[in-house]
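This briefing sorts the computed features of one chain by topic. Read it with the sequence and the 3D view open.

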Amino acid sequence: MELRGSVALVTGGNGGLGQRICHALAKEGVHVAVMYAQSKDQAESVARELAATYQVNAAAFGCDITDGAAVEKLVADVTARFGRLDILINDAAFNKSVPFQDLDGLSMELWDKIMAVNLTGPMRLTKAVAPIMKAQGHGRIVNISSVAGLGPTGSSIAYAISKAGVIHLTKCMAVALAPETLVNCVAPGLLEGTRATANLRPEQVERSAASSLLGKPADKDDCADMVVTMCRTTTMTGQTIVIDSGRTFH
């Protein structure tokens with residue numbers, strides 16, 4: 001798909017990885033809607049930087065992706081502002097570190113919140129943009145999962161299961177939305193400088209980096225570049241690409 005002049009909605013666009021994705025897309029001439037949950041000032045700063053650096057249109061939009069009405073309004077506001085919507089990047093996520101053995105610590109309230117943000121949120125957004133992309137005759141959706149979705153690892157059981165769900169959601173939506181809309185997924189390993197990593201226990205961060213073949217965390221720019229590739233592709237759909245410095249194989 002030709003990226004220059006297209007419009008992307010990036011959820012969690014003010015986060016550590018989200019910002020890199022926004023920059024990687026804007027560098028290709030993509031206009032960007034930077035979605036945030038709470039950090040309005042930060043998201044607006046990202047939008048201003050994108051516009052100034054790459055001469056694209058960019059704007060910040062607030063949304064609680066666990067609220068169906070708010071998601072519908074977000075998509076309507078973005079299409080009204082930019083006139084179209086070609087790309088959806090589902091990057092927004094929530095996690096809290098709870099050791100797998102600590103079942104009492106994984107309350108059902110925490111389980112519900114993680115599922116609502118990490119899995120149901122991307123489903124709401126995908127359903128909201130699907131009719132627009134179908135009418136346009138093309139669309140690209142890229143979900144951000146995690147290597148925690150490929151095995152019993154990660155910050156908590158709920159987080160791992162939510163990210164496994166994102167990987168399978170990618171496959172199912174690739175079937176549902178073909179041929180107009182292609183749906184793919186990036187599964188990063190440990191990423192430094194993100195809110196998700198900041199929520200992990202220090203020993204978990206150290207162990208994860210040390211156990212990779214390359215002995216270092218995954219690179220945010222590698223992940224962002226893969227997102228761009230998935231937006232540009234014309235024949236890849238339903239796929240998940242792992243980027244984790246050689247720690248996980250599937």
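The charged end of Arg81 sits over the ring of Phe82, 4.8 Å from the ring centre. The charged end of Lys113 is placed likewise over the ring of Phe94, at 4.1 Å from its centre. A charge counts as sitting over a ring if NZ of Lys or CZ of Arg is within 6 Å of the ring centre and within 35 degrees of the ring normal. The model is predicted: local features need pLDDT of at least 70, side-chain atom pairs count only at pLDDT 80 or more, and totals for chains, interfaces and linings use all residues. Residues are numbered from 1 along each chain as its sequence is written, and side-chain values use heavy atoms, with hydrogens and water left out.

**Aromatic pair**

- The count of aromatic pairs comes to one, where rings of Phe, Tyr and Trp (its six-membered ring) pair if their centres lie within 6.5 Å.
- The ring centres of Phe61 and Phe82 are 6.4 Å apart and the planes stand at 50°, so the pair is tilted; planes under 30 degrees apart count as stacked, over 60 as edge-to-face and the rest as tilted.
- This pair links distant parts of the chain, with Phe61 in strand β3 (residues 58-62) and Phe82 in helix α3 (residues 68-82), 21 residues apart.
- Helices (H or I, at least four residues) and strands (E, at least two) are DSSP runs, numbered from the N terminus.
- Phe61 and Phe82 are both buried, where buried means under 20% relative accessible area, exposed over 50% and partly exposed in between (1.4 Å probe, protein chains only).

**Salt bridges**

- Side chains of opposite charge can pair when their charged atoms come close.
- Five salt bridges are found in a search of the whole structure, each being a side-chain nitrogen of Lys or Arg within 4 Å of a carboxyl oxygen of Asp or Glu.
- One of them joins Arg20 and Asp221, whose closest N and O atoms are 3.0 Å apart.
- Arg20 is in helix α1 (residues 16-27) and Asp221 in helix α8, 201 residues apart, so this pair links distant parts of the chain.
- Arg20 is partly exposed, at 33% relative accessible area, and Asp221 is partly exposed at 35%.
- Asp86 and Arg84 meet through their side chains in a salt bridge of 2.8 Å, N to O.
- Asp86 is buried at 1% relative accessibility, whereas Arg84 is partly exposed at 32%.
- Lys134 and Glu180 form a salt bridge with an N to O distance of 3.5 Å.
- That bridge also links distant parts of the chain: Lys134 is in helix α4 and Glu180 in the loop between α5 and β6, 46 residues apart.
- Lys134 is exposed, with a relative accessible area of 53%.

**Surface and loops**

- A nonpolar surface patch is formed by Leu213, Leu214 and Phe249, with about 400 Å² of accessible area together.
- Patches consist of residues with over 30% relative accessible area and no salt bridge; like charges are joined within 9 Å and nonpolar side chains (Val, Leu, Ile, Met, Phe, Trp, Tyr) within 5 Å.
- Accessible areas come from the Shrake-Rupley method with a 1.4 Å probe, and for residues only the protein chains shown count as cover.
- Leu214 lies in the loop between α7 (202-210) and α8 (220-232), and its relative accessibility of 56% makes it exposed.
- Lys96 is in the loop between β4 (87-90) and α4 (108-136) and is partly exposed, at 47% relative accessible area.

**Backbone**

- The peptide bond joining Ala178 and Pro179 is cis, with omega about 5°; Pro179 is in the loop between α5 (157-177) and β6 (181-188).
- Gln55, a residue other than glycine, has a positive phi near 55°; Gln55 lies in the loop between α2 (40-54) and β3 and is exposed, at 61% relative accessible area.
- Ser245 also has a positive phi, near 60°; Ser245 is in the segment after β7 (240-243) and is buried, at 12%.

**Whole chain**

- The secondary structure comprises eight helices and seven strands.
- Of the 250 residues, 51% count as buried.
- The C-alpha trace spans about 50 × 35 × 35 Å along its principal axes.
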